[in-house]
Amino acid sequence: MHVLLVSNRKGGTGKTATVVNLSAEFSRRGYKVLLVDLDSQANATLGLGFEASKIQKSIHKFLSGELENLQEALLPTKWGNLFLLPGDPMFEHHQILEDSERLRRALYELSNFFDFVFIDTAPSLDNLLVSALKTSHFVIIPFLPHYLSLEGIKSLVRVFFRVAVRDNTELRLAGLLPVMFNPRLNQHRWVIEEIKKNFGEEKLLPSIRTDIKVAEAFQAHKPLLYYAPYSKALEDYKTLADRLLEIILSYKISKNF
């Protein structure tokens with residue numbers, strides 16, 4: 001089982017759209033996929049067709065100790081191989097237990113059931129993010145190609161390296177993902193060049209173009225694959241999925257998952 005974390009300490013970077021649409025694409029390819037919605041806004045939960053306010057058992061209730069068995073919160077979606085651990089919009093971050101290994105241990109118990117786990121996190125530095133980093137094999141950092149995005153990336157990368165050195169030596173940076181990219185804009189092209197200078201061209205993932213269908217799909221509570229199967233953003237997410245599989249298969253993961 002491979003665990004991929006999609007995160008950025010800056011909000012509005014397209015991380016939830018990325019989690020939802022990659023999860024749907026990987027499940028379409030025949031993999032058994034679990035989406036973990038650690039963001040208490042629960043937008044990924046909504047994107048897979050569930051109203052979080054009506055859900056009694058969530059990943060947050062498990063991490064706060066209100067729920068003992070994580071599998072009780074597991075929800076099948078209407079799309080075959082795709083499953084969800086929903087978020088809880090009523091969760092307050094001080095409620096999380098100090099045990100930052102609880103998530104990793106619980107997902108280990110599900111490792112025989114899933115090929116890929118995608119985790120969505122809130123844009124904040126707290127125990128939820130640290131728990132997700134300790135649990136994951138790969139990190140994807142989506143960003144808008146704006147100047148301020150550079151600071152958000154650097155902030156998360158600092159936390160990433162700290163966890164990778166101290167707590168999770170199997171953690172890898174899969175890459176930096178430009179979202180809502182428009183190659184005709186000078187600002188966008190400049191930011192991309194700065195990313196290459198700071199992190200190396202090999203860490204730049206295939207970009208996701210601006211596409212209103214992404215927002216429309218969330219309004220319809222569906223992944224793009226089932227709302228707009230011929231959209232340009234979905235085409236980009238399919239290309240991204242191809243690249244991620246190449247990256248994942250290039251590493252031999254020894255972590256006990």
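A salt bridge is taken here as a side-chain nitrogen of Lys or Arg within 4 Å of a carboxyl oxygen of Asp or Glu. In this predicted model, the count by that rule comes to 16 salt bridges. One of them joins Asp242 to Arg29, with the closest N and O atoms 2.7 Å apart. This pair links distant parts of the chain, since Asp242 belongs to helix H10 (residues 232-249) and Arg29 to the loop between H1 and strand E2 (33-37), 213 residues apart. Asp242 is partly exposed, at 39% relative accessibility, and Arg29 is likewise classed as partly exposed, at 28%.

A further salt bridge is formed by the side chains of Asp88 and Lys61, at 2.9 Å from N to O. Because Asp88 lies in the loop between strand E4 (82-85) and helix H4 (102-108), while Lys61 lies in helix H3 (residues 59-63), the pair ties together parts that are 27 residues apart in sequence. Asp88 has a relative accessibility of 9% and therefore counts as buried, the limit being under 20%, whereas Lys61, with a relative accessible area of 22%, is partly exposed. Salt bridges that share partners also join Glu25, Arg28, Arg29 and Asp242 into one network. In the pair formed by Glu51 and Lys54, the closest N and O atoms are 3.7 Å apart; Glu51 is partly exposed, at 42% relative accessibility, and Lys54 is exposed, with a relative accessible area of 61%.

The largest pocket of the model has a volume of about 420 Å³. Its lining consists of 21 residues, of which Gly14, Ala17, Met180, Val214 and Phe218 lie nearest the centre of the pocket. At least two lining residues are supplied by each of helix H1 (15-28), strand E7 (172-181), strand E8 (208-209) and helix H8 (212-219), and the most are given by H8, with four residues. By residue class, the lining of this pocket divides into ten nonpolar, seven polar and four charged residues.

When residues up to four places away in sequence are not counted, Gln187 touches Pro145, His146 and Tyr147. Although Gln187 and Pro145 are 42 residues apart in sequence, the distance between them in space is 7.2 Å, C-alpha to C-alpha. Gln187 has a relative accessible area of 38% and is thus partly exposed.

How values were computed: Residues are numbered from 1 along each chain as its sequence is written. This is a predicted model: local features need pLDDT of at least 70, side-chain atom pairs count only at pLDDT 80 or more; totals for chains, interfaces and linings use all residues. Side-chain values use heavy atoms; hydrogens and water are left out. Buried means under 20% relative accessible area, exposed over 50%, partly exposed in between (1.4 Å probe, protein chains only). Contact means heavy atoms within 4.5 Å. On a 1 Å grid over the protein atoms alone, a cavity is a set of points where a 1.4 Å probe fits but cannot get out, and a pocket is an open set with protein on both sides within 12 Å along at least five of seven lines; lining residues have an atom within 4 Å of a point. Grid points are joined across faces, edges and corners, and a volume is the space filled by probe spheres set on the points. Ala, Val, Leu, Ile, Met, Phe, Trp, Tyr, Cys and Pro count as nonpolar, Asp, Glu, Lys and Arg as charged, and the others, Gly among them, as polar.
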